[in-house]
Each structure stands twice: as C-alpha cells, then as structure tokens.
Amino acid sequence: MMKKKYCAVLAAAMMLVSPLSCAFFVQAAETEEQAGGSENALSAEPVQIDGLIYDHSMELEYADQFAVDYYQDDYVLVSITDSGRFLLVPEGKEAPETLDEDITVIQKPVDHIYLVATSAMDLFCSLDALDEISLSGTNADGWYIAEAKKAMEDGNILFAGKYSAPDYELIVSEGCDLAVESTMIYHTPEVKEKLEQFGIPVLVERSSYESHPLGRTEWLKLYGALLGKEEEAEALFAEETENLEEVFQAKNTGKSVAFFYINSTGSANVRKSGDYVSRMIELAGGKYIFDDLGEDDNALSTVNMTMEEFYAKAKDADYIIYNSAIDGELHTMEELFGKSALLKEFKAVKEGNVWCTGKNLFQETTGLGKMIEDIHTMLTTEDENLTELTYMHRLS
C-alpha cells in the first residue's frame with residue numbers, strides 16, 4: 001500500500017521539532033520499572049456513544065487493564081486503564097460528530113505503526129502482522145525476536161528513535177498512523193504531546209501491569225481488535241491456555257523460589273509479591289520466597305535490597321532464578337559469585353539449583369505460558385543432566 005504523505009504536517013514538524021537530549025534507556029525497562037498511571041479501574045458497563053449502537057463486548061479471561069466494546073457497522077472502542085479510550089473507525093467511515101473529547105479516533109486500516117513498546121512486538125508477530133509496523137523504537141541489535149530483527153536488517157522496519165528522542169521527521173514522512181508506547185513515555189510527556197500534535201494517536205501499552213501472567217498474553221486480543229484479527233487472536237490465546245491445563249491441575253510442590261538480579265550498585269533487585277513473575281512461580285507449583293513484599297504507593301514492580309537483607313530472606317530458597325533482562329545472561333556459578341560472594345552460602349547454590357533466564361523472555365510475551373511450564377519442569381525434575389529449558393538454563 002502506498003504510504004501516506006502529510007506534507008503540511010511535515011512542514012510543521014520541521015518548524016516545531018527541537019533537539020532532544022538522549023535520555024537513559026535500558027532494554028526491557030518497561031517490564032522492570034513502571035511509570036505513570038494511577039491504576040484507575042475500567043468501567044464494567046459498556047460505553048454508550050451517541051450515534052453508535054452497542055452490540056457486544058470482548059470476553060476476557062485474565063486481563064483487566066483493557067476492555068473492548070463492539071458497535072454496529074464495525075466501530076470498536078478500546079479502553080485502556082490510565083491510557084485512554086480509542087475509537088477504531090472503519091475505512092471509509094467517520095467518527096460520530098458528538099464523540100466525547102477524551103476519546104481518540106484511530107482511522108482504520110492501521111498499517112504504519114511506530115512500535116516502541118517492546119513487549120508488543122511478539123504479539124504482532126504471532127498475529128502475522130509484522131507488515132503493519134513501519135517504525136521501531138528499538139534498533140536491530142536490541143531485538144531478540146528473530147522476525148523483528150530481520151525486518152529491521154532488511155529495511156522493512158526503520159529505526160525511528162527511542163521513546164525519549166523520536167525522529168519526528170521520519171515518523172511523519174512515513175505516514176505513521178499510530179504510536180504504541182510503553183509507560184516509559186510518561187517520563188517524557190512532551191514527546192507524547194508532540195506526536196499527538198502531528199495527528200498521531202498514542203496508545204500506551206500496559207500489559208506489564210497485568211497481575212496474572214496470562215493477562216499479559218491476552219493482550220493478543222487487543223491487537224487482534226486493532227488489526228481486525230480477532231479470530232486469530234482468540235485461537236492463539238486458547239492454544240496457550242490449553243497447553244497449561246495439566247500444569248495448573250498439578251499439586252503444589254511446596255518448593256521455594258527466589259527470582260532476582262544484582263544491579264549496578266550491588267543490591268538485589270527482586271519482584272514484589274503480587275507481581276506477575278511471582279504469580280508464574282505459584283502457578284507452576286512453587287512458592288515465591290518473598291511473600292511479604294506488598295504494593296506500596298509507587299508503581300514499581302520491583303524492590304531493591306541490600307545483599308545482607310536478600311541473604312536473610314532468600315538464603316534457604318530451594319531454587320534461584322537469575323533474571324537476565326537487565327543485567328545480562330550468566331552461564332556459570334563463577335559468574336554468579338562475581339556478582340556477590342555471599343551467594344555461595346545459599347542453599348540453592350550448594351545444591352546446584354541455580355537457573356538463569358534467557359534475554360528473549362521479556363520480549364516474547366506469548367512465551368509466558370511456556371515459562372510457567374519451564375518453572376514447573378525445574379521444580380519437578382530429578383534429572384541432574386537437564387540443563388536447558390525453553391527460556392531458562394542451569395548454571396554450570
């Protein structure tokens with residue numbers, strides 16, 4: 001399809017854009033450190049829109065951070081907690097004249113997307129919708145999803161700058177019709193405002209706020225609605241849940257698991273008790289070692305502990321899973337001890353029950369079900385020769 005050109009808007013962009021300093025950005029930070037939002041709940045009732053006739057709402061099993069309402073004549077309203085409401089208007093049709101000001105119009109087809117939220121890429125790939133993405137907020141070297149990496153290397157997806165410093169000229173000239181951002185965009189609200197000034201709707205992706213891991217995967221359905229691929233999304237999600245039925249029915253092993261990484265200051269970064277990672281451990285038949293790290297008044301999903309605090313609470317954990325998303329993958333115990341010699345005293349270390357995630361885990365959102373299976377296998381296997389799972393490997 002011929003790309004849309006907005007010469008007038010481009011001219012405005014050239015006059016308005018000022019250089020932006022490059023802000024600190026870490027791959028997968030959207031899953032490690034959340035920003036913005038007040039966790040406003042979505043209404044349980046369908047939204048009534050003047051000029052449109054409500055038909056039905058999308059059924060969701062686990063996700064609670066979005067809702068989708070369908071109206072006659074193929075109009076669709078997507079509501080996202082603390083991100084806004086978006087009316088998907090069918091090609092060749094217009095939005096109602098009396099539409100509420102807080103509802104953003106997205107004119108279909110949506111086929112020139114600037115994708116900044118890394119967790120969404122895998123969902124687009126699963127829906128065979130990579131062609132709808134024209135621009136990326138991550139360069140080729142930053143992708144661990146093979147299809148995304150190749151598309152960028154082949155020039156089919158262009159790097160348009162990180163969330164904090166987008167290339168507005170490129171974004172506008174490519175006819176971008178939607179920006180899918182992570183909550184990191186709330187650190188630079190002026191970027192969101194400028195994109196919207198250029199007529200580009202900004203959808204802030206909040207799958208990382210889902211407390212249930214399968215709620216994150218269920219965002220497949222939101223993108224299915226966005227792209228007109230609801231049936232494909234439903235089938236893919238059903239396949240994910242069916243594969244886990246046996247795991248969910250298994251008895252709890254009673255074995256405890258610590259999930260963490262050592263940050264640049266030497267502190268242990270651990271997930272909060274209600275986080276989706278701790279839920280994955282529980283669903284897999286384990287017990288998350290930190291059962292008292294509740295939510296506080298910030299939106300972070302993690303807590304930093306001194307190594308002494310971490311040792312006191314996690315030294316007797318039956319298993320250790322080292323999180324590679326920020327700090328990088330480890331392969332040997334010696335590499336682990338290089339982070340802190342205190343780790344030598346941990347029960348899991350002495351018994352050889354130390355595993356590390358692969359760096360692709362937090363980009364492959366559809367793999368969370370498989371990660372639950374991996375953890376279940378780790379907890380139940382007695383084969384010491386088992387060293388590789390889909391998203392984890394044992395340290396040697």
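Trainee: How many bridges pair strand β9 with β10, and in which sense?
Mentor: Strand β9 (residues 178-181) pairs with β10 over 3 bridges, in the parallel sense. Strands here are DSSP E runs of at least two residues, helices are H or I runs of at least four, and both are numbered from the N terminus. Two strands pair if DSSP finds at least two bridges between them.

Trainee: What are we looking at, by the way?
Mentor: A predicted model, where local features need pLDDT of at least 70, side-chain atom pairs count only at pLDDT 80 or more, and totals for chains, interfaces and linings use all residues. Residues are numbered from 1 along each chain as its sequence is written, and side-chain values use heavy atoms, leaving out hydrogens and water.

Trainee: OK, back to β10. Which residue there is the bridge partner of valine 180?
Mentor: Leucine 203 in β10 is its partner.

Trainee: And what's the strand order in that sheet?
Mentor: β8-β7-β6-β9-β10, an open sheet of 5 strands with parallel pairing. β8 (158-159) and β10 (202-204) are the edge strands, and each of them pairs on one side only.

Trainee: Which strands does helix α3 lie across?
Mentor: Helix α3 (residues 118-126) lies across β6 (113-115) and β7 (133-136), and runs at about 130° to β6. Angles go from 0 to 180 degrees between N-to-C directions, with axes fitted to C-alpha atoms, for helices over the stretch in contact. Contact means heavy atoms within 4.5 Å.

Trainee: New topic: what about the sheet with β1 in it?
Mentor: That open sheet has 5 strands in the order β1-β2-β3-β4-β5, with mixed pairing. β1 (54-57) and β5 (103-107) are at the edges with a single partner strand each, so one side of each has no neighbour in the sheet. From one strand to the next, the twist averages 25°.

Trainee: How do β2 and β3 run, parallel or antiparallel?
Mentor: Antiparallel, joined by 6 bridges. For instance, tyrosine 70 has valine 76 in β3 as its bridge partner.

Trainee: Which helix packs on this sheet?
Mentor: Helix α8 (residues 219-227), which touches β2, β3, β4 and β5. The direction of α8 makes about 35° with that of β2.

Trainee: Last one: how many aromatic pairs are there?
Mentor: The count is 12 aromatic pairs, taking Phe, Tyr and Trp (six-membered) rings with centres within 6.5 Å; planes under 30 degrees apart are stacked, over 60 edge-to-face, the rest tilted. In one of them, the rings of tyrosine 54 and tyrosine 71 have centres 6.0 Å apart and planes at 75°, so the pair is edge-to-face.

Trainee: Where do tyrosine 54 and tyrosine 71 lie?
Mentor: Tyrosine 54 is in strand β1 and tyrosine 71 in strand β2, so the pair ties together parts 17 residues apart in sequence.
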